[in-house]
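New notebook page. I want to look around this structure piece by piece and jot down what turns up.

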Amino acid sequence: FLLSLLQAVVSGQWSVDNPLDVTAQNGLCAQIPCHYRYPSDLNNKSRTGIWYNSERDNKDSVAFHSKKPSLESTKFQHRTRLSGVLRDNDCSLVIDNVTQQDAGPYFFRVKFGGRNSYSYPTVTQLHVTDFTDKPTIFPAEMVAGQ
């Protein structure tokens with residue numbers, strides 16, 4: 001089994017495209033773009049997508065769980081979602097109302113059931129900055145009758 005997993009990794013069957021760094025402003029939403037690939041023999045299998053707010057599998061750091069949202073850390077519940085469709089290989093994560101406590105490493109894991117699961121090694125570092133996009137209001141000229 002380990003040899004077949006190693007061969008899959010070396011052949012590029014398990015791979016992910018996501019950035020190393022993402023920056024979001026406090027109070028807005030953050031998006032971590034993500035697309036993943038897996039061995040073709042799993043195409044018709046159901047899958048579960050999990051995002052972790054850590055650098056390794058840790059049940060206490062689940063930021064998003066596609067099948068059981070109750071497993072998400074309380075700080076993420078009702079604030080995370082996928083912006084795409086997991087079945088279409090889109091694992092892009094959205095975090096609403098981002099805070100400084102959300103900053104840190106994030107990585108994606110997919111489970112197809114049984115031993116067919118994989119934690120993608122590319123970690124995205126989320127940086128949260130102060131809110132700076134303050135609206136600019138310009139006075140309008142008021143003309144009577146218009």
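I began with the side chain of S54: one of its polar atoms sits 2.6 Å from the backbone oxygen of R56. I'm reading a predicted model here, so these are computed values.

Where is S54? I found it in the loop between strand 5 (48-52) and strand 6 (62-65). Buried or exposed, I wondered about S54? S54 has 12% relative accessibility, and the cut-off for buried is under 20%, so I noted S54 as buried. I then looked up what S54 touches, leaving out residues up to four places away in sequence: S61, P105, Y106 and F107.

That took me to strand 9 (residues 104-111), where seven of the eight residues are buried, so I wrote it down as mostly covered. Next I checked its pairings. Strand 5 runs antiparallel to strand 9, with five bridges joining them, and I50 has R109 as its bridge partner there. With strand 11 (residues 124-129), strand 9 pairs antiparallel over three bridges; Y106 stands opposite T124. Strand 10 (residues 117-119) is also antiparallel to strand 9, again joined by three bridges, and V110 has Y118 as its bridge partner. In the hairpin of strands 9 and 10, five residues lie between the strands, and I saw that G113 takes a positive phi near 95 degrees.

Last entry: an open sheet of three strands, order 3-8-7, paired antiparallel. Strand 3 (30-32) and strand 7 (80-82) are at the edges with a single partner strand each, so one side of each has no neighbour in the sheet. The twist averages 20 degrees from one strand to the next. Three bridges link strand 3 with strand 8 (residues 93-95), and A30 stands opposite I95.

Definitions and conventions
Residues numbered from 1 in each chain as written. Predicted model: local features only at pLDDT ≥ 70, side-chain atom pairs only at ≥ 80, totals over all residues. Heavy atoms only, no water. Pairing = 2+ DSSP bridges. Helix = DSSP H or I, 4+ residues; strand = E, 2+ residues; numbered from the N terminus. Axes fitted to C-alpha atoms, helices over the stretch in contact; angles between N-to-C directions. Buried < 20%, exposed > 50% of the residue type's maximum accessible area, 1.4 Å probe, protein only. Polar contact = N/O pair within 3.5 Å; in protein donor to acceptor, adjacent residues only side chain to side chain. Contact = heavy atoms within 4.5 Å.
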